[in-house]
Amino acid sequence: SAAGLVMVAAEHAELVSALPGGTFLKDEWKMRCYHGCWLLEKWVAGGIQLQRLFQPRPDDVIVASFPKSGTTWVIALTFATMARALYPPADAGHPLLRLNPHECLPFLENLYRSGTEAKLEALPSPRLMNTHMPLGILPPGRGCKIVYACREPKDVLVSLWLYYKSMVPDLTLDTTFQSVCRGGEIYGPVSDHVLGYWRASRAHPEKILFLRYEELLRDPADNVRKLARFLGVPFSDSEEEAGVVADIVRLCSFGHLRGLEPNKTGHVGGYFPRDALFRKGVAGDWVNHLTPEMARRLDETVAAKMHAEGLVF
Ligand code: A3P
């Protein structure tokens with residue numbers, strides 16, 4: 001709510017104004033760095049609220065990701081897997097046929113920044129939610145499970161550029177590239193975001209599952225099985241025989257979702273263009289956009305940090 005937004009912002013105005021500042025892509029997109037993460041200034045108060053107030057339940061499932069890493073796909077797959085008893089994936093009335101995947105679950109930071117987080121308390125367990133916040137902003141000692149969507153950084157950059165370009169038509173690749181190399185992008189630096197979750201997933205693989213975009217493309221069915229096991233709802237023999245896994249993969253596939261009405265027009269949350277969430281849906285599209293020099297620099301500034309910790313693309 002608008003009133004909620006104003007109230008939440010006012011509550012933390014002093015703290016926010018003392019944080020390191022900057023801009024991202026446009027002079028009007030004012031940024032602040034909170035806990036090492038760059039956020040739009042007007043979203044910081046919501047992040048603080050989330051960090052202070054969010055109370056995970058042990059059976060909560062959170063889809064977390066850096067933007068443009070395959071969030072929409074992983075949300076769709078997780079929702080379809082968790083809800084399959086109520087909504088069989090081949091059913092003509094499946095919610096994913098009439099809703100954009102992002103409309104099937106609450107986006108945590110949006111609730112907290114508009115002061116409407118009480119809605120979370122009304123949700124029955126197990127709750128499914130999503131966030132782009134880094135792990136450090138989620139409350140410590142989380143009992144919940146996290147599914148982290150992760151993607152090759154050069155493809156993330158290209159997807160990010162073309163996505164923001166749908167909102168800022170004259171945005172150049174170079175401007176976006178410079179921001180990402182500096183680490184000043186929204187929710188960035190991307191390497192810190194990914195590595196925060198990566199370290200935690202290695203320490204607690206039962207709590208954090210990494211789903212990699214390239215792996216999902218290579219073998220979606222096997223990854224859906226892995227996801228279901230992680231969530232504690234493995235597919236039964238009879239489900240396997242009935243082809244439920246294949247049904248989920250088909251329902252959530254790029255070609256299928258992108259052609260549906262709820263994914264073609266308008267904006268999710270009044271802001272994010274729906275059609276721009278489904279662009280090309282492949283791995284390695286960066287070769288069509290980045291110069292070899294840009295690719296090299298991104299490998300050196302971003303991917304190298306991930307490689308050093310065993311996360312290899
Ligand atoms: P491209 O821009 O490279 O095409 P996010 O959901 O995190 O915003 O990520 C968006 C990226 O995932 C876009 O990549 C988009 O096309 C791709 N995508 C969205 N839905 C997908 C799906 N069902 N299967 C595969 N890729 C998908």
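# Report on selected side chains, helices and backbone features

The side chains of Asp247 and Arg250 form a polar contact at 3.2 Å. A polar contact is a pair of N or O atoms within 3.5 Å; within protein, one must be able to donate a hydrogen and the other to accept it, and residues adjacent in sequence count only if both atoms belong to side chains. The model is predicted: local features require pLDDT of at least 70 and side-chain atom pairs pLDDT 80 or more, whereas totals for chains, interfaces and linings use all residues. Residues are numbered from 1 along each chain as its sequence is written, and side-chain values use heavy atoms, with hydrogens and water left out.

## Two aspartates

Asp247 belongs to helix H13, which covers residues 244–251. Helices (H or I, at least four residues) and strands (E, at least two) are DSSP runs, numbered from the N terminus. Residues up to four places away in sequence aside, Asp247 touches Pro89, Ala90 and Ala242; contact means heavy atoms within 4.5 Å.

Asp285, by comparison, is located in the loop between strand S9 (272–273) and helix H15. The side chain of Asp285 makes a polar contact of 2.7 Å with the side chain of Lys280. When neighbours within four places in sequence are left aside, the contacts of Asp285 are Asp155, Val158, Arg279 and Lys280.

## Helix H9 and its surroundings

Helix H9 spans residues 190–203, a total of 14 residues. From its first C-alpha to its last, H9 reaches 20 Å, close to the 20 Å expected at 1.5 Å a residue; the expected span is 1.5 Å times one less than the number of residues. Which residues of H9 are buried? They are Val190, Ser191, His193, Val194, Leu195, Tyr197, Trp198, Ala200 and Ser201.

## The packing of H11 and H13

Helix H11 (residues 220–230) packs against H13 at an angle of about 110°, and their axes are 9 Å apart. Axes are lines fitted to C-alpha atoms, for helices over the stretch in contact, and angles run from 0 to 180 degrees between N-to-C directions. H11 and H13 are therefore roughly perpendicular to each other, a class that covers 65 to 115 degrees; angles under 35 count as roughly parallel, over 145 as roughly antiparallel, and the rest as oblique. On the H11 side, Pro220, Ala221, Val224 and Arg225 meet Val245, Ile248 and Val249 of H13.

## Backbone features

A cis peptide bond links Ser125 to Pro126, with omega about -5°; Pro126 is in the loop between helix H6 (118–121) and S5. A cis peptide bond also joins Gly188 and Pro189, with omega about 0°, and Pro189 lies in the loop between H8 and H9.

Leu25, which is not a glycine, has a positive phi of about 65° and lies in the loop between strand S1 (21–24) and strand S2 (26–34). His35 likewise has a positive phi, near 50°, and its place is in the loop between S2 and strand S3 (37–40).

## Accessibility

Buried means under 20% relative accessible area, exposed over 50%, and partly exposed in between (1.4 Å probe, protein chains only).

| Residue | Relative accessibility | Class |
|---|---|---|
| Asp247 | 17% | buried |
| Asp285 | 3% | buried |
| Leu25 | 17% | buried |
| His35 | 56% | exposed |
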